[in-house]
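Please read them with the structure open.

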Amino acid sequence: MKKTVSLGIVGSSWWVDAMYLPALAACPEAEVTALSARNEGRARALADSWGIPRVYTDVAAMLAEEKDLQALLIITPNHTHYEYARMAMERGLAVLVEKPLTVDYDSARRLAEMAEARGVITMVPFTYRFMPTSRYLKRLIADGYLGRPYHLNLRYYANYAREGQYLWRFDGSLAGSGVLGDLGSHFLHLAEWFYGPIAELQAMAAQHVPRASHNEAGKPYPPVEDDAIINCRFANGALGVIQVSAVCYEDAGMKMQHLFEFHGADGTLYQEVDWVEQQEIRGARVGEGGLKPLPIPEEIWAGARQDTVHNSYRDVFRAQGHMVGDFVRAVRDQRRIRPDIHDGLRIQLLLEAAILSAREGRLVRLSELEAS
Ligand SMILES: NC(=O)c1ccc[n+]([C@@H]2O[C@H](COP(=O)([O-])OP(=O)(O)OC[C@H]3O[C@@H](n4cnc5c(N)ncnc54)[C@H](O)[C@@H]3O)[C@@H](O)[C@H]2O)c1
């Protein structure tokens with residue numbers, strides 16, 4: 001078996017530089033052989049600093065010329081995911097496609113069917129489930145800490161849309177949806193990972209901050225929501241509230257907060273992650289009185305630094321090789337890995353339901369959309 005996996009990357013953003021290239025540099029099984037991006041200068045600068053041999057400005061050319069590629073990592077705005085993933089899978093490559101998988105359910109379903117038909121390895125990286133806090137919560141809930149789940153509340157407060165400049169993330173023609181797809185996709189995934197499938201939901205969305213009326217090419221575009229709330233009922237009977245906002249005043253560290261609350265017949269769990277230093281879980285089982293800290297077990301930390309959330313994040317995704325490293329090893333071993341394209345498709349269905357619900361002001365049963 002070949003020991004390394006030959007990878008191509010599409011995109012040259014801050015996220016490629018902050019997440020993917022350091023994680024791949026720390027992964028002995030990974031060999032990044034080519035990078036494609038529209039901005040050649042930026043792509044060359046990244047390639048030089050990370051030792052990537054070849055740079056392209058066209059994905060089709062990269063796929064045609066790089067005969068040894070085994071996988072493509074697609075880290076570009078949402079509207080490009082479908083076509084790049086389709087081209088890569090047509091060549092039999094494994095694909096890691098950033099969330100949200102595409103801009104709508106129909107195109108996501110076509111990609112998932114193609115992946116299935118061709119038997120390619122896929123990943124849609126819902127980053128937050130890899131963090132020690134999430135993995136400990138998952139374990140506590142699976143081990144019955146809450147007993148029968150009654151209630152869940154996941155809140156994601158961020159501040160990156162408080163200024164009104166043009167951002168592709170709030171351009172419906174490129175992003176599909178606004179904060180729902182950008183942050184809601186993460187928390188819908190976590191919600192189902194913790195509590196199982198959502199059966200029905202009701203969403204409300206708003207655009208609070210007026211945005212530039214024209215895109216960078218001077219054309220008008222459809223602006224989309226910067227704030228949303230999803231109420232849902234899980235198949236297990238529990239109720240949930242998922243709140244995502246990109247317009248909160250959060251002015252420290254990573255400028256975001258993740259606040260989780262879980263209630264069940266036998267207990268309560270709280271998570272607070274401020275993305276600076278705080279990454280805490282507290283809980284109480286019935287009869288124990290007030291909430292008390294539940295330290296994350298050492299085998300979950302596995303030596304990751306705990307002084308700042310960002311250092312934990314770096315160690316989890318780089319030194320420990322979660323997510324990106326997991327994907328590379330799955331491609332090498334030709335075995336499936338989660339979260340995969342089917343998990344991405346599931347979230348696209350939930351997003352479609354939330355968008356429909358917000359637009360029509362009504363409750364949407366997932367079975368309605370699954371049947372269509
Ligand atoms: N998993 C996570 O936590 C996480 C975090 C950040 C971003 N993302 C996802 O990554 C993707 C990219 O987001 P970002 O923050 O890097 O965006 P960004 O706006 O910072 O960068 C987008 C990159 O794509 C390039 N690009 C734009 N249009 C293109 C096209 N038509 N073809 C090829 N390249 C093109 C740009 O030049 C730029 O390099 C999005 O799908 C986003 O949701 C996920």
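**Notes on the predicted model**

1. **Ligand shell.** Please keep in mind that this is a predicted model. By class, the shell around the ligand holds eight nonpolar, eight polar and four charged residues. There are 20 residues around the ligand, and Ser-13, Trp-15, Thr-76, Glu-98 and Thr-127 come nearest. Two helices, α1 (14-25) and α4 (78-90), each give at least two residues to this shell.

2. **Glu-98.** Which residues does Glu-98 touch, not counting residues up to four places away in sequence? The partners are Ile-74, Ile-75, His-81 and Pro-125. Glu-98 sits in the loop between β5 (94-97) and α5 (105-118). Buried or exposed? Glu-98 has 25 C-beta neighbours inside 10 Å, so it counts as buried; the cut-off is 20 or more. Ala-330 is 232 residues from Glu-98 in sequence, and the C-alpha to C-alpha separation is 17 Å.

3. **Cis peptide bonds.** The loop between β5 and α5 also contains Pro-100. The peptide bond from Lys-99 to Pro-100 is cis, with omega near -15°. Another cis bond runs from Arg-338 to Pro-339, with omega near -5°. Pro-339 belongs to the loop between α11 (324-333) and α12 (341-360). As background, most peptide bonds are trans. Both sites deserve a look in the viewer.

4. **Positive phi.** Most residues other than glycine have a negative phi. Lys-255 is not a glycine, yet its phi is positive, at about 65°. Lys-255 lies in the loop between β10 (239-245) and β11 (256-264). With 16 C-beta neighbours inside 10 Å, Lys-255 counts as partly exposed. Ala-302 also has a positive phi, near 50°. Its place is the loop between α9 (298-301) and α10 (309-317). Ala-302 has 13 C-beta neighbours inside 10 Å and therefore counts as partly exposed.

5. **Helix α2.** In α2 (residues 40-50), the buried residues include Ala-43, Leu-46 and Ala-47. Why do they lie on the same side of α2? They cover an arc of only 100° around the axis, which puts them there. An α-helix has 3.6 residues a turn, so residues three or four places apart point the same way. The buried residues of α2 pack against α1, β2 (30-36) and β3 (54-56). Gly-41, Asp-48 and Ser-49 are exposed, on the face turned away from the buried side. After α2 comes Gly-51, with a positive phi near 65°.

6. **Domains.** The domain assignment gives domain 1 (5-125 + 324-338) and domain 2 (128-309). Their C-alpha centres are 26 Å apart. How many residues does each domain bring to the contact? Domain 1 brings seven residues and domain 2 brings seven residues. On the side of domain 1 that touches domain 2, three residues are nonpolar, two are polar and two are charged.

7. **Whole chain.** The protein chain has 13 helices and 15 strands. Its radius of gyration is 21 Å, close to the 21 Å that the globule rule gives for 372 residues, so the chain is as compact as a globular protein of that length. Along its principal axes, the C-alpha trace spans about 65 × 50 × 45 Å. Buried residues account for 48% of the 372 residues. Among contacts between residues at least 6 apart in sequence, 70% join residues at least 24 apart.

Technical notes
Residues are numbered from 1 along each chain as its sequence is written. This is a predicted model: local features need pLDDT of at least 70, side-chain atom pairs count only at pLDDT 80 or more; totals for chains, interfaces and linings use all residues. Domain bounds come from an automatic or database domain assignment. Two residues are in contact if their C-beta atoms, placed from the backbone, lie within 7 Å. Ala, Val, Leu, Ile, Met, Phe, Trp, Tyr, Cys and Pro count as nonpolar, Asp, Glu, Lys and Arg as charged, and the others, Gly among them, as polar. A residue is near a molecule or strand if its C-beta atom, placed from the backbone, lies within 6 Å of it. Helices (H or I, at least four residues) and strands (E, at least two) are DSSP runs, numbered from the N terminus. The radius of gyration is taken over C-alpha atoms; the globule rule is 2.2 Å times the number of residues to the power 0.38. A residue is buried if 20 or more other C-beta atoms lie within 10 Å of its own, exposed if 12 or fewer, and partly exposed in between; C-beta atoms are placed from the backbone. The arc is that of the directions from the helix axis to the C-beta atoms.
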